[in-house]
Amino acid sequence: MRLIRYFFEIIRGFCITARHFFVNIFFHILNLFGIKTKRRGAVTIQYPEQRAALASRHRSLHRMMKREDGKPRCVACMLCATVCPSECIYIEAAEEDDPDIQKYPAVFIIDLNRCCFCGFCVEACPEDAIRMDTEQIELASYDRKKLVFDIDRLLE
Amino acid sequence: MKEKPMVKIFIDEKLVEAEEGKTILQAAEAAGIAIPHLCYHDAFEPRGTCRLCLVEIEGIPKLELSCSTTVKEGMKVRTQTDRVREARKGVLEFLLAEHPMDCPICDKAGECKLQDYYEEYGLFESSFAESKTRREKKRDIGKNLIHDQERCILCARCVRFMDEITRTSELGIFERGHECVVDVYDGMLIGNNYSGNLAELCPVGAITDKDFRFKTRTWFLDKGKSVCPLCSRGCNISIEHHKGFARFSLPKRVYRVRSEYNPQINSYWICDKGRYEYSYLDKNRQTTIHAVKNGQPVPMDWEQALDHCATEIKKLIYKNKTSRIAVVLHSWLSNEELFLAKKIFLDDLQAKHIYFSDLPSEEGDDFLLTSERSPNRKGALELGFDVKPFALKNVEDTIDILIVFGAFLIENFNPADIREALTHIPVKILITPQESELNPLMDLVIPSAHIAEKEGSLTNTDGIVQKFSPALVPPGSCHSELEFLSGLGKGIEENFSFYKRLSSGDAVRKKMAEDILFFREKE
């Protein structure tokens, strides 16, 4: 009985694969004859040789925005650290001599080991100091320590 | 004193009774109706500068200030009509016309009343196209304070505090109209011992603490009520501490101390000593049990340490030599702890050598700060201790066990002298929250908790008994002295069933009230 079930599942799997194949072929053929359909046939991209363009609203590695003089735009208000659901941002504020700035982050750490790329920090920032538009999405590393980004690395 | 006649008024259709002479705002607050206000403070005469507490009173064509209008029989007040809300919105727009929108760098953000009221009544787009006037953002006005003149809304709370409470009048309002600014008088700096209250008093972030400046944000802090142990006044304080982050360790737990209202003792105020000298809570904490046997450190846990103390005392009981026990107490211990210490050492063991070692007295002032630097000396006296100060010659003769509470010996004597005086004592036990030079002189060091970390009660210099509960969690293997003493009482087994019942602060307090008239009257 178990054996029959085993073969049944294999055949079912083949059916699913075949269905995708024929459905995609069908839409590709329609497209070939210039018939516009809502759904399009799937295309496989040969990653990493080929790459699809990232959407403009994508979220990738964070970067810290700079002021005109190269100082970080961040004023260490800690709203990002407050809103962060994975508690991966740590900030220590320090006093800046310039009375127009007053406060700057002496320590600003984003721990990517923990980050879930929700982008809340970007939304919360009142100074537009943090953005997630570097297009760097391949962040895997052999060393956890390399995934802890401090302010110098975020400013790069 | 003759009671003032009561007046009946209606606030938002609700019948409210208030004493004659009270203002509408006071009556509303007492009835639980919130009227927004920035300049009004319960401790001062109303000044009516912020214009935010406008209310509609039936029969009066214009809106009135509720902070300075006194109640009258049958008055009908409305606090939430469209007209009132519109007026408040207008007032807020004027207040914010010159207020910089630098909430991200403002230490007040999160507890700022202007922020809260904008959320509640404002939410407008500013109609001022002109740029805001630039003023001094970082003016040093005293040893603990920084004044941001841009953020100031001229409510004059600080000026009134200086005029009415401390009567030192360092602050004034200068210039007129648009140029108006709060500042210190020429060459003066706010140097009095109550300056820290200004930062708490300021409804916006114009006056901020130097100590708290940029350390953290207010919404990260948890509050815990406690009693200030730094002098014998017993001011009510709230200890604000950070619960920490999951992945990052913080340099300290406690970020600031603020006052809690208590009309009997400190009203709304605390002194700068109580406000800024909180670092003892995190600095040099003794968090592990440290035991030495024959010159070698031995690992010990809490139970073993307690057991060790009890065994050493029991040895003396068998030899009938309990008079050879010396105990050094201090007046940072709560009433309950002192009561247990008295029961164990004085009543059960009949030890002759019971001394107190406290911080030396310093100068007090005529407002809150007293000259005694210990919170519970009065309690110790009421409990029946004769509070003999400890002297090194007291332990020169035959002492077999020395039990020292607290590290205050180091404040009174020089470490070399203490070492010499203690060398011949076979068993030396120290129960202290603070690591000090006393540690290497002892055989067993047991970490204990600070007043902010335990429950109990203290008797202040005027004989007011105040209960307190833990505001912080004690670090490491710290246990309160109450736990130590009730454990020791049980461990000695002289009077096991008696101490078994006294394991919580409440139980001890009840027993204490039964035994001692002073505490029975205070219950």
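The contact between the two chains draws 11 residues from chain B and 17 residues from chain A. On the side of chain B that touches chain A, seven residues are nonpolar and four are charged, while no polar residue takes part. The model described here is predicted.

Chain B has 523 residues, of which 43% count as buried. Along the principal axes, the C-alpha atoms of chain B fill a box of roughly 90 × 50 × 45 Å. The secondary structure of this chain consists of 15 helices and 22 strands. When contacts in chain B between residues at least 6 apart in sequence are considered, 66% of them join residues at least 24 apart.

One helix pair of chain B was examined in detail. Two packed helices are described by the angle between their axes and by the distance between the axes. Helix H2 of chain B covers residues 82–97 and helix H3 of chain B covers residues 113–122; the two pack at an angle of about 140 degrees, and their axes are 9 Å apart. H2(B) is therefore oblique to H3(B), because an angle counts as roughly antiparallel only when it is over 145 degrees and as roughly perpendicular only from 65 to 115 degrees. The crossing in which H2(B) passes H3(B) is left-handed. H2(B) contributes B:Arg85, B:Arg88, B:Lys89, B:Leu92 and B:Leu95 to the contact, and H3(B) contributes B:Leu114, B:Tyr117, B:Tyr118, B:Tyr121 and B:Gly122. By residue class, the contact of H2(B) with H3(B) comprises six nonpolar residues, one polar residue and three charged residues.

A sheet of chain B was also examined. Strands of a sheet pair through backbone hydrogen bonds, in either a parallel or an antiparallel manner. In this case, three strands of chain B form an open sheet in the order E11-E12-E13, and the pairing is antiparallel. Strand E11 (221–227) and strand E13 (254–259) of chain B lie at the edges; each has a single partner strand, so one side of each is left without a neighbour in the sheet. On average, neighbouring strands of this sheet are turned by 25 degrees against each other, with direction ignored. E11(B) and strand E12 of chain B, which spans residues 236–242, run antiparallel and are joined by seven bridges. Within this pairing, B:Leu221 stands opposite B:His242 in E12(B).

Conventions:
Residues are numbered from 1 along each chain as its sequence is written. Chains are lettered from A and ligands numbered from 1 in the order in which they are written. This is a predicted model: local features need pLDDT of at least 70, side-chain atom pairs count only at pLDDT 80 or more; totals for chains, interfaces and linings use all residues. Axes are lines fitted to C-alpha atoms, for helices over the stretch in contact, and angles run from 0 to 180 degrees between N-to-C directions. Helices (H or I, at least four residues) and strands (E, at least two) are DSSP runs, numbered from the N terminus. Angles under 35 degrees count as roughly parallel, over 145 as roughly antiparallel, 65 to 115 as roughly perpendicular and the rest as oblique. A crossing is left-handed if the near helix is turned anticlockwise from the far one by less than a right angle, and right-handed if clockwise. Two residues are in contact if their C-beta atoms, placed from the backbone, lie within 7 Å. Ala, Val, Leu, Ile, Met, Phe, Trp, Tyr, Cys and Pro count as nonpolar, Asp, Glu, Lys and Arg as charged, and the others, Gly among them, as polar. Two strands pair if DSSP finds at least two bridges between them. A residue is buried if 20 or more other C-beta atoms lie within 10 Å of its own, exposed if 12 or fewer, and partly exposed in between; C-beta atoms are placed from the backbone.
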